[in-house]
Amino acid sequence: MKSKKILKILSLILGGLILTGVISAFLIVLSIDFIDLDKEKIDDIGKTIEVLADDMTPMEYNGQNGNTVKISDLPKYVPQAFIAIEDKRFYKHNGIDYIRVMGAFLNDLKTFSFKEGASTISQQLIKNTHLSNERTLERKLKEIHITRQLEKKYSKDEILEKYLNIIYFGNGLYGIESASNVYFGKPSKNLEVNETAALAAIINSPASYNPYKNSEKLISRQKIVLKAMLDNNFIDKVQYEHA
């Protein structure tokens, strides 16, 4: 009987906490000044920028919006590497992966933190073009709102291409073409599987996986990416072992 009473009390407390959370979230949603998708911020990714020296001669530019690439020019395993490690259900969801959201939410409850973002590739694109990096519920809700609009106006391949051309690879490098040229001395269309996995590894934390300073940590993360590619059938066992 005593244990039943305790369970009943705990259930009431849990129910109260859930109800409080729902009401709080509802009030937050009502107070948010939502913004809509700005197509110019998406369409401007990849536009050519020419940087000139003082004498007006062209200079090589490896920064944001500098060197870009079309997804159709890349080997299939290049975009697949990023899908495997960042958003394996990319082609199945509508911009929000609710399975990952629930998993992240449960982990956040366990650790009493908001470290688990569960952001999809579409959400990351919106965060990098429309919003700040602050970890707040308000920013996350804005991100979800704009992401759903993004998915209605662009195809999955268009979103993935924009993402690959704007994502940060550390050391001042934005976009896979710039990162490939600087880190491997080749255009991204010529990347090998192991090189692709290294680039996909870096974006998780460009400072932590900086190839110039933390090569051992990068290699460990690279192996995780390769395993994810294998598990998702993006590469076969021979390619995996070779890489």
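Modeller: Let us start with a charged pair: glutamate 143 and arginine 139 form a salt bridge, with their closest N and O atoms 2.6 Å apart. Keep in mind that this is a predicted model, where local features need pLDDT of at least 70, side-chain atom pairs count only at pLDDT 80 or more, and totals for chains, interfaces and linings use all residues. Residues are numbered from 1 along each chain as its sequence is written, and side-chain values use heavy atoms, with hydrogens and water left out.

Biologist: Why is the pair of glutamate 143 and arginine 139 called a salt bridge?

Modeller: The term asks for a side-chain nitrogen of Lys or Arg within 4 Å of a carboxyl oxygen of Asp or Glu. The closest N and O atoms of this pair are 2.6 Å apart, so the pair meets the cut-off of 4 Å. The structure holds 8 salt bridges.

Biologist: What separates glutamate 143 and arginine 139 along helix 6?

Modeller: About one helical turn, because they are 4 residues apart in helix 6 (residues 137-153). Helices here are DSSP runs (H or I, at least four residues), strands are runs of E (at least two), and both are numbered from the N terminus.

Biologist: What makes serine 119 and lysine 140 a polar contact?

Modeller: The distance between their side chains is 2.7 Å. A polar contact is a pair of N or O atoms within 3.5 Å; within protein, one must be able to donate a hydrogen and the other to accept it, and residues adjacent in sequence count only if both atoms are side-chain atoms. A second polar contact joins the side chains of serine 119 and glutamate 143 at 3.4 Å.

Biologist: Where is serine 119, and is it buried or exposed?

Modeller: Serine 119 is in the loop between helix 4 (98-111) and helix 5 (121-130). Its relative accessibility is 15%, so it counts as buried. Leaving out residues up to four places away in sequence, serine 119 touches Glu86, Arg100, Gln124, Lys140 and Glu143. Contact means heavy atoms within 4.5 Å.

Biologist: How do you know that helix 9 is mostly covered?

Modeller: Of the 10 residues in helix 9 (residues 193-202), 9 are buried. Among them are Val193, Leu199 and Ile202. The cover includes helix 3 (77-86), helix 8 (176-184), helix 10 (215-231) and helix 11 (237-242).

Biologist: And the whole chain: what is its secondary structure, and how much counts as buried?

Modeller: The chain has 11 helices and 2 strands. Of its 243 residues, 39% count as buried.

Conventions. Buried means under 20% relative accessible area, exposed over 50%, partly exposed in between (1.4 Å probe, protein chains only).
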